[in-house]
Amino acid sequence: MAGGPPPIETEPAALRLEGVGRRFGALAAVAGVSLAVARGERRAVLGPNGAGKTTLFNLVCGDFRPTSGRVVLFGEDVTRLKPHGRARRGVGRTYQNSLLFNGLSVADNLVVAVRGAKPGRFSFRLPSAADRAAARRLAETVRLSHLLGAEVASLSHGQRRQLEVGMALACDPRLLMLDEPAAGLSPVERPELMKLLRALPRALTLLLIEHDMDVALPIADMVTVMKDGAVVVEGRPDRIERDPVVQRIYLGHGRAH
Amino acid sequence: MLASLALLAALTALPLFIPPFWTANILGRAIAYGIVAMSLTFLATYGGFVSLAQTMMGGVAGYVAAVLVPDSLPSLVGGVPYAAAVPIALLAATASGLLIGAIAVRTQGIYLLMITLALAMGFHLFAQANIAWFNGYEGIRNVVGPEVLGRPFRDPFVFYYAALASAALLYALVLYVVRTPFGLVLQGLRDNARRVNALGYHAALHRIAAFGLAGFIAGCGGLLVTFYNIGITPGSIGLGPTVNVLVMSVIGGLGHPIGAFIGALIFTLFDTFAADLYDRDRFNTLVGLVFLLIVLASPDGVLGVAKRATAAED
């Protein structure tokens, strides 16, 4: 399942980028990136600050339109599709700086997330018992059950990160994209998050941005290293760890933060 | 919930103990304007959209009804009974809300305020200039409102109870809607529109629908105001009345729909008694000072004062 080229003919890749680029004025934040992520693969995207990792995420989820290239999800060209259209095709994501609904309770955040992926999301009827139950299950998954009624504005940083993951999981995604889920977590919270990520269903395709190789490498099947908007190296975690180019990129940044 | 019902019961009984002038001209009028202001607090509190189009949407309902109903002067279409004219007018106000929502769908903050102000002024000036449909500067008179149980609408009790019932129903509607997925998504738009999209929602659609609902609410208030004034003129939907709705909402507080009614009541009291207190011509100065005082003392209006008072008690 992990590694190696995906079987193109029989089953389209979960995600295929073909020469995808995005310019902001003179700056090419992402420059001609091509990659394929197989179904069920867990792919980590590494790279220093400003490498274009988050821009790449925004291109995949549709927050940005690419200035060049194509984005193909599960065999379907979605380059021109808006974010909500891509979400409906099974893309769930988290944001580096927790984009939550601060005025709502944890439960209502999750209910909104649960309803978003379903038909009938535009509704004037109260959320069903099933919606509430799904929200409770998600809260359990990300260990926030005791805070269901709490307003999100009152959560700690770590709890906000947990809720981020819960909301991304709510749509039952086929492709889950996590943008630095471990950033700012305490030494106690970090292993908890890794446990949560490892426990995700194997059928789920995972795309993970991580600054910290110690978090990314144990989880990933494959690793893509980016710098200056381009892919530098791609390979299995054990190879990446020893790669001289990667070591040069990370030298001075330190291996762990 | 219990407090709301107790308040409703008190307001229902109140006309038995106060003079008819207070029933209709103070409380009834405050409730009617409060409905228009609640249309704004609904958008502002839950969607984060501060709009200046509320008076205009109320005016759309008022004008449509005035054009259609029998006995209005001049008679432009006429002959349509109130039972049909009122729903048509509310439909028109809702449609105007949807249209305004669609036009302003990409704007936020000060730009939304300006675009809705521009639309409101455009409609005001159009009504003032157009003779064929709006009878220009003079507007449309003798819009007496429907008879209720054989009594005319301008009967203080009929007007008061019609306004109170409408307000109670719309208030309950707002509190219900914000608990539905539509209302939760609306609050999501306020907190984080980008996330709303990423979860699969069509954000623009929800926004436009919220303006449609605001149009309906403002339309209900606009109809009551039109019947209260027994007609409608371009002056009643001009810059002053447009801004007054915002002033009422801010005085009351944008934190909860009830703030709209508190603000409208304070505004109406000053509007009525400014002449006795100081001088008729100095009404705006007085209201301006009160506005300044409240906003300086409590940026979140009277509601904010109440909230802090209860918090201090705990």
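1. Strands β1 and β2 (residues 27-37) of chain A run antiparallel and are joined by seven bridges. Helices (H or I, at least four residues) and strands (E, at least two) are DSSP runs, numbered from the N terminus; two strands pair if DSSP finds at least two bridges between them. A:Val20 has A:Val33 of β2(A) as its bridge partner. The hairpin of β1(A) and β2(A) has two residues between the strands, and A:Gly25 takes a positive phi near 60° there.

2. A note on the source. This is a predicted model, in which local features need pLDDT of at least 70, side-chain atom pairs count only at pLDDT 80 or more, and totals for chains, interfaces and linings use all residues. Residues are numbered from 1 along each chain as its sequence is written, while chains are lettered from A and ligands numbered from 1 in the order in which they are written.

3. β1 (residues 15-24) of chain A also pairs with β4 (residues 68-73) of chain A, in the antiparallel sense, over five bridges. Here A:Arg16 stands opposite A:Val72 in β4(A).

4. Chain A has an open sheet of six strands with mixed pairing, in the order β6-β7-β8-β3-β9-β10. Its edge strands, β6 (91-93) and β10 (230-235) of chain A, each pair on one side only. Within this sheet, β3 (residues 42-46) and β8 (residues 205-209) of chain A pair in the parallel sense over four bridges. A:Arg42 stands opposite A:Leu206 in β8(A).

5. Now chain B. Helix α5 (residues 109-129) of chain B has 21 residues, which at 1.5 Å a residue should span 30 Å; its end C-alpha atoms are 30 Å apart, so the two agree. The expected span is 1.5 Å times one less than the number of residues.

6. Which residues of α5(B) are buried? They are B:Leu112, B:Thr116, B:Leu119, B:Ala120, B:Phe123, B:His124 and B:Ala127. Their arc around the axis is only 135°, which puts them on the same side of α5(B). The arc is that of the directions from the helix axis to the C-beta atoms. The face turned away from the buried side of α5(B) carries exposed residues, including B:Ile110, B:Tyr111 and B:Phe126. Buried means 20 or more other C-beta atoms within 10 Å of a residue's own, exposed 12 or fewer, and partly exposed in between, with C-beta atoms placed from the backbone.

7. The cover over the buried residues of α5(B) includes α3 (54-68), α4 (82-103) and α9 (239-252) of chain B. Contact means C-beta atoms, placed from the backbone, within 7 Å.

Key
Two residues are in contact if their C-beta atoms, placed from the backbone, lie within 7 Å.
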